[in-house]
Amino acid sequence: QSLFVHPPGRYLVVSHGGILNKLLHLIFGFKDGHRFYFHLSNAGSCEIEYNLEDHRWYLRSMDARQGRKQPYSNPAEDLRVVLLRHAESEGNRQRQFQGQAETPLTESGRHQAADAGQRLLAQGYQFDRITTSPQERAHHTALAIGERFGLPVHQDERLKEIDKGRMAGMNGEQIDARFPTRTDRRNPYLPVGETGESWFELYLRAGEVVHSLVSCPPGEYLYVSHGAFLNSVLCSILGIVPQPSSRPSLFHFGNTGYADLAFHQSLDRWTLMTLNPGASREE
């Protein structure tokens, strides 16, 4: 609350792991905070931003500063899960709300996908399986990464982006002109774009993926998908259910941005290791 007495600007808060976790739990509205932990090692940092226009918090990045090999991880028991957003698509470049509309990767996006694979390989990941949304922008990103790791890519229909109905493929101005009185902005149970999915349906679909995930044997798994879906996966893990008349805090996923999580089976606890490590504020 004291943060809001300051004018807009950039502020550094230096504290301790427990206090910073409680702060993040409060921001994200956790109902069961002890089952999710933000791993911040010595000199580790996270960047959060409050957007005054849409009145919500964004977790933009979290960098543990100790590389991929984090403590509290038991390879014989734990799951390591990387949730990665696809590379830049033509729809991203044109600032479209793509949903399940198909747009290919840009030339820059193809380079991003190849670089993401090289970066993950250099950081020591040893994936047992790569699973992707079948949509072109995600699938082609996953294929580029799979080539680096010498792994096949498995498609899962459940990893598709939210179906935005008649809004799919439009930009913001087109949406405002076509749907001036949208009811789905504040009601997660109504279909997006009149004929699409509701945000609650997306949450349930993401929950199915999480249920499948925790049933996997110990190992390292990469999931390549889309921004809204990946946020719904994290909300499902955190137990943050979409609520009417409220807009939840969001995890920021830039193109090929990723979250690295561990599930500790003996503790029944998730840990967020990193989010967009090394990302710049201007990303």
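Predicted model: local features only at pLDDT ≥ 70, side-chain atom pairs only at ≥ 80, totals over all residues.
**Exercise 1.** Determine how α6 and α7 are oriented relative to each other, and which residues make their contact.

Solution. Start with the axes: those of helix α6 (residues 199-214) and α7 come within 8 Å and cross at roughly 70 degrees. Angles of 65 to 115 degrees count as roughly perpendicular, so α6 is roughly perpendicular to α7. Next, the handedness: the crossing of α6 past α7 is right-handed. Then list the residues. From α6 come W199, L202, Y203, R205, A206, G207, V209 and V210, and from α7 come A228, F229, S232, V233, C235, S236 and I237. Finally, sort them by class: 11 are nonpolar, three polar and one charged.

**Exercise 2.** Locate S236 and decide whether S236 is buried or exposed.

Solution. S236 lies in helix α7, which spans residues 227-238. Its relative accessibility is 18%, and buried means under 20%, so S236 counts as buried. Beyond four places in sequence, S236 has contacts with Y203, A206, G207 and V210. As for R205, the C-alpha atoms of S236 and R205 are 9.5 Å apart, with a sequence separation of 31 residues.

Notes. Residues numbered from 1 in each chain as written. Heavy atoms only, no water. Helix = DSSP H or I, 4+ residues; strand = E, 2+ residues; numbered from the N terminus. Buried < 20%, exposed > 50% of the residue type's maximum accessible area, 1.4 Å probe, protein only. Contact = heavy atoms within 4.5 Å. Axes fitted to C-alpha atoms, helices over the stretch in contact; angles between N-to-C directions. Parallel < 35°, antiparallel > 145°, perpendicular 65-115°, else oblique. Left-handed = near helix turned anticlockwise from the far one by under 90°. Nonpolar A, V, L, I, M, F, W, Y, C, P; charged D, E, K, R; others polar.
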